[in-house]
Amino acid sequence: MRPWTLGAETSQLANVRRLRFAIVLILLAVLAWVLFSVLEREVRRVEEQSVALVLSQLRSALVVKGAEVMLGGNDSLADYQGINPVALVTQQWRHYQGRCQSGGPDSGNWCFWARERTDSRARETGWLIYNPRQPITIDGWAETSGTLRAWSVTTDFVDHNGNGRREREERLTGLRLAPAPLPGALANVPEGNR
């Protein structure tokens, strides 16, 4: 063998090893990128399912409470409008912070924003508030992170004329949790202060 060919072969082997190493690094980077995007999608899906589960449980509790009120005969369904639906459930969620503080709940948490009392009603009324941790879909609506979402307990009724508003002759049939506009105090809070 000639000495100059041995050096060229060694140099070629080193270049091949560098090329293989570069290809492996590129493949690992692509796999990591795919893994992180799948992980992000799964985290979003888990948060969406968690919110849907909480809403489902609260709606079920409201159906039961509505039936109790109707069968009891002592109270009116209208007396329960705006109540805190979390109070009806025996299970407390880790992400429920109780009464809202000045800027609403922390990211990924729930709270109850109570109205200022202007009458002597025994029940505290207000809105259930959720602050998404990331962009998710709630009840078919796309929500961005940091954008508060509100629900309120309302009465359900038989809508005979289909106009979406209750007239005197239309009977109340139960309680439900409905999307609501944010209370004025929270609607004016800048997103960065939530």
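Biologist: Is V89 buried or exposed?

Modeller: This is a predicted model, in which local features need pLDDT of at least 70, side-chain atom pairs count only at pLDDT 80 or more, and totals for chains, interfaces and linings use all residues. Residues are numbered from 1 along each chain as its sequence is written, and side-chain values use heavy atoms, with hydrogens and water left out. Buried means under 20% relative accessible area, exposed over 50% and partly exposed in between (1.4 Å probe, protein chains only). The relative accessible area of V89 is 14%, so V89 is buried.

Biologist: Where in the chain is V89 found, and which residues is V89 in contact with, leaving aside neighbours within four places in sequence?

Modeller: Helices (H or I, at least four residues) and strands (E, at least two) are DSSP runs, numbered from the N terminus. V89 is found in the loop between α1 (3-72) and β1 (96-99). The C-alpha atoms of V89 and Q57 are 7.9 Å apart, although 32 residues separate the two in sequence. With contact meaning heavy atoms within 4.5 Å, the partners of V89 beyond four places in sequence are Q57, L58 and A61.

Biologist: In what order do the elements of the chain run from the N terminus?

Modeller: The secondary structure comprises 2 helices and 7 strands. From the N terminus on, the order is α-β-β-β-β-β-β-β-α.

Biologist: Which residues touch the most other members of the largest nonpolar core?

Modeller: A nonpolar core is a set of buried Ala, Val, Leu, Ile, Met, Phe, Trp, Tyr and Cys residues joined through side-chain atoms within 4.5 Å. The largest such core has 27 residues; α1, β2, β3, β4 (136-138), β6 and β7 (172-180) each give two or more of them, and the largest share, 7 residues, comes from α1. Beyond four places in sequence, L58 touches P85, V86, V89, W93, L128 and L177. The members that touch the most others are L58, W110 and L177.

Biologist: How many residues does the second, separate core hold?

Modeller: Among its members are C100, C111, W113 and L148. The count for this second core is 7 residues.

Biologist: Which residues do ring pairs link into a cluster?

Modeller: Rings of Phe, Tyr and Trp (its six-membered ring) pair if their centres lie within 6.5 Å; planes under 30 degrees apart count as stacked, over 60 as edge-to-face and the rest as tilted. There are 2 aromatic pairs by this rule, and W110 and Y130 form a tilted one, 4.6 Å centre to centre with 40° between the planes. That pair links distant parts of the chain, W110 in strand β2 (residues 109-114) and Y130 in strand β3 (residues 126-131), 20 residues apart. The ring centres of W110 and W151 are 5.5 Å apart with planes at 35°, so this pair is tilted too, and the cluster consists of W110, Y130 and W151.

Biologist: What is the relative accessible area of Y130?

Modeller: W110 is buried, at 5% relative accessible area, and both W110 and W151 are buried. Y130 is buried as well, with a value of 3%.

Biologist: Over which ring does the charged end of R115 sit?

Modeller: A charge sits over a ring if NZ of Lys or CZ of Arg is within 6 Å of the ring centre and within 35 degrees of the ring normal. The charged end of R115 is 4.5 Å from the centre of the ring, which belongs to W127.
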